[in-house]
Amino acid sequence: MMPALLENYGTLLMVKENDYVAIFHSIHRVLKAEKTLKQEQQDFLLIPVPRQLTSDCGLALRFSPEVKDGLLSILEESDLSPAEMYQRSDGAYMDVSNLL
């Protein structure tokens, strides 16, 4: 593989088709969200923000459509709703922040 492809290969594997990526505007909030979701035994992954997206924080939460409603409900109840949310579709990230 060429170096540019190798660089993005890990992030591409982290976010599968139809997965959601939730972005927070501070490292403090994403880590607090991670702690809260772990305590609630939610299925998610803390990942670097994909290169196609931007964030000052640098970290994001990745989760599947099957857990989206429960996970977002927990975050909302904890006053930790993400600032932005995207869904991977056909290899691109679609802004679905309106679902928050």
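1. Burial. A residue is buried here if its relative accessible area is under 20%, exposed if over 50%, and partly exposed in between, with a 1.4 Å probe and protein chains only. Of the 100 residues in the protein, 39% are buried. The model is predicted: local features need pLDDT of at least 70, side-chain atom pairs count only at pLDDT 80 or more, and totals for chains, interfaces and linings use all residues. Residues are numbered from 1 along each chain as its sequence is written, and side-chain values use heavy atoms, with hydrogens and water left out.

2. Layout. The protein has three helices and five strands. Their order along the sequence is α-β-α-β-β-α-β-β. Helices (H or I, at least four residues) and strands (E, at least two) are DSSP runs, numbered from the N terminus.

3. Strand 3. This strand covers residues 59–63, and four of its five residues are buried. Strand 1 (residues 20–23) pairs with strand 3 in the antiparallel sense over four bridges. Pairing requires at least two DSSP bridges between two strands. Tyr20 has Phe63 as its bridge partner in strand 3. Strand 2 (residues 45–48) also runs antiparallel to strand 3, joined by four bridges. There, Leu46 stands opposite Leu61.

4. A nonpolar core is a set of buried Ala, Val, Leu, Ile, Met, Phe, Trp, Tyr and Cys residues joined through side-chain atoms within 4.5 Å. The largest has 18 residues, and Phe24, Leu37, Leu61, Phe63, Leu71 and Leu75 have the most contacts inside it. Strand 1, helix 2, strand 3 and helix 3 (68–77) each give two or more residues to this core. Helix 3 gives the most, with four residues. A second, separate core has nine residues, including Val15, Val21, Ile47 and Tyr93.

5. Contact means heavy atoms within 4.5 Å. Across the protein, 66% of contacts between residues at least 6 apart in sequence join residues at least 24 apart.

6. Glu34. This residue sits in helix 2 (residues 27–39). Glu34 counts as buried because its relative accessibility is 16%. Neighbours within four places aside, Glu34 is in contact with Phe44 and Leu46. Its C-alpha atom is 9.6 Å from that of Leu75, 41 residues apart along the chain.

7. Surface. The protein exposes about 6100 Å², and carbon and sulfur atoms supply 50% of that area. The areas come from the Shrake-Rupley method with a 1.4 Å probe.
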